[in-house]
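Please look through the sequence and the model before reading on. The report below goes from the fold of one chain to its contact with another, and then to its surface.

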Amino acid sequence: MVVSVLAASGLRRRYGARMVVDVDEFAVAPGEVVTVLGPNGAGKSTLLRLLMLLEKPDAGRILFRGEPAHPADDGVRRQLAGVFQDPHLFTGTVAENVAFGLAARGVSRADRRRRVAEALSWLDLQPYADASVRTLSGGEAQRVALARALVLEPAVLFLDEPTANLDVNIRRRFREDLERLLRARAGAAVLVTHDASDAFALADRIAVMEAGRIVQTGTPSDVVLRAATPFIAAFTGAELLLRGIVTGHDGALVLVRAPGGATIVASTPDGDALPAGAPAHVAYRPEDVVLGPMDVDVTTSARNRFRERVIATAPAGGLVRVRLGGDVDLNALLTRQSTQELGIQPGRDVYAYIKSVALRAFPAAPAT
Amino acid sequence: MDVFADALRQAIALLVHRDPYVLQALWLSLRVSSLAVIIAMLTGLPVGVGVGIGRFRGRQILVALIHTGFALPPVVVGLFVYMLLSRQGPFPGLRILFTPGAMVVAQSLLAAPYVAGVSLAAVQAVPADVRLQARALGASRLRALWMHVREARVGIVAAIIAGFGAVISEVGAAMMVGGNISGQTRVLTTAIVLETRRGNFALAAAMGLILLFMVLVINLLLARVQSEDGWRRRASERPWS
């Protein structure tokens, strides 16, 4: 059994009366990239500070390579390094900033110079070595902050929303650099973000956090395809299809009657939570909706086929978002070519096909 | 209007010919006020930094006290120091009343609140996350604190300049505890009072011009230093690209 490089159990942290972090288990394997994904206010940054030994928890313990670790442990803390949303560069040159952690660890000047030059080359920052940090743009500053942490070759690298302050174009470039560097290095990383696409691009494993608790851990596809709660489904990009009543089960699938009377066949994380007669939410992803002409009757593997009429279309980042009404109200995401070939325009009647595994049913709160 | 023109003309002549009486007063002013500011730094900087960074009960009261110190009347401070150093006071054997030493004591008390107050503001303007970031890179608590103070160094320089500006042109305390003794405790400000009363307007004006010039230079320096400091604020308001 592999010993986690970092493991926490029973972590609790309270600010005043509010429980900000309430995490039973959290572990990072050597070399693994774990993303903590959740909305603002979920407690992710606090969890990060606790794991980085920058803040003392009210309860619980943290193990580094199997040994207990505390905020006072300078030795353990120096095996970790962090990058925050705001780069917090120190007044001085880029090279001086990147050398900071090395100087704090007593690394000799010659070794510092060599390692700083190496770290700058990882992020194409060599031309900036002697530049004052005041002259840097936001993207450049964040790259310097990353170099400053990577040069320390930490056993665990921590990143707190590193792209949150960056422009969209710079964010993409930074994420590519980060992906490349995280894969190239041997150490583990914990990345905190509210951006689901950051999480999916970078993580080996995702921990979804809500209101201080970790509500699901798994690979990116686990979290997306087998979301454990509606919150997770919505947070990872699913949309709510409708609210209906469970009419029965079909093996692992559940049958839900829509308000209009149509029957929906959906998958569910927990069939026992949805007995017949119970209210249910059904979530789907617009990209999983397949449209077909109504004058053609095909048999597909999709268990759901709905009669729909196109209400409106709108461009959506190179694709087309199609709003449909009929048996159920839903949205589809098509390529422009497909919309042209099918003649998708307001008023057109189509069939909408969705596989049962692409629909997720969750218990809904009882109607008042 | 002749009185102004005459005084000005003669004052410039005194300055150009480096009148020894004027230069002596200038030199003493610089020595006393500089020493006073150095002492004010030793007391005011730790207080300013400690109150600026620390979070403890009673902090707000301390901040208010420091700000009240900005408005201390020099003559009242002079009175206090006079009483402190007099033969009936707690240090009868000290005997520094009517010497530059007493003036340094009084002016350091006047300058300390300025040094503390401006350095407090400077340190508060640096985001506390700078310390967090330093620690996240392995710095000890002390080193992290140093990085925080280092980021405020421009503001701290402003604090020292402000302290100097507060005392170089005060007359109340210098007069009270120095006594304006020729060649011993006569600084620019106390000399101006004396020479004006005697009707030596040219002499008084010469020293007044020097004082004005010094105050101008101090304020230009302060303005320069504070605009220098603004880069961080401006940078954080800039849209990141």
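## Helices in chain B

Helices, with at least four residues, are DSSP runs, and they are numbered from the N terminus. In this predicted model, Tyr82(B) belongs to helix H4 of chain B, which covers residues 74-85. Chain B has 11 helices and 0 strands, and its pattern along the sequence reads α-α-α-α-α-α-α-α-α-α-α.

## Overall form of chain B

Taken along the principal axes, the box filled by the C-alpha atoms of chain B is roughly 65 × 50 × 25 Å. Of the 241 residues in chain B, 44% are buried. When contacts in chain B between residues at least 6 apart in sequence are considered, 74% of them join residues at least 24 apart.

## Where chain B touches chain A

The contact involves 35 residues from chain A and 23 residues from chain B, and the area buried between the two chains is about 2600 Å², with carbon and sulfur atoms giving 55% of it. Between chain B and chain A there are 9 residue pairs in polar contact, both residues being at pLDDT 80 or more, while the count of salt bridges is 0.

On the side of chain B that touches chain A, the elements giving two or more residues are helix H6 (129-136), helix H7 (141-151) and helix H11 (201-237). H6(B) gives the most to this side, with 7 residues.

## The surface of chain B

Chain B exposes about 12700 Å², and carbon and sulfur atoms supply 68% of that area. Leu79(B), Tyr82(B), Met83(B), Phe98(B) and Ile181(B) make a nonpolar surface patch of about 430 Å². Tyr82(B) counts as partly exposed because its relative accessibility is 31%.

Note on methods: Residues are numbered from 1 along each chain as its sequence is written. Chains are lettered from A and ligands numbered from 1 in the order in which they are written. This is a predicted model: local features need pLDDT of at least 70, side-chain atom pairs count only at pLDDT 80 or more; totals for chains, interfaces and linings use all residues. Side-chain values use heavy atoms; hydrogens and water are left out. Patches are made of residues with over 30% relative accessible area and no salt bridge: like charges are joined within 9 Å, nonpolar side chains (Val, Leu, Ile, Met, Phe, Trp, Tyr) within 5 Å. Accessible areas come from the Shrake-Rupley method with a 1.4 Å probe; for residues, only the protein chains shown count as cover. A salt bridge is a side-chain nitrogen of Lys or Arg within 4 Å of a carboxyl oxygen of Asp or Glu. Buried means under 20% relative accessible area, exposed over 50%, partly exposed in between (1.4 Å probe, protein chains only). Contact means heavy atoms within 4.5 Å. Buried area is the accessible area (1.4 Å probe) that two parts lose on being put together, summed over both. A polar contact is a pair of N or O atoms within 3.5 Å; within protein, one must be able to donate a hydrogen and the other to accept it, and residues adjacent in sequence count only if both atoms are side-chain atoms.
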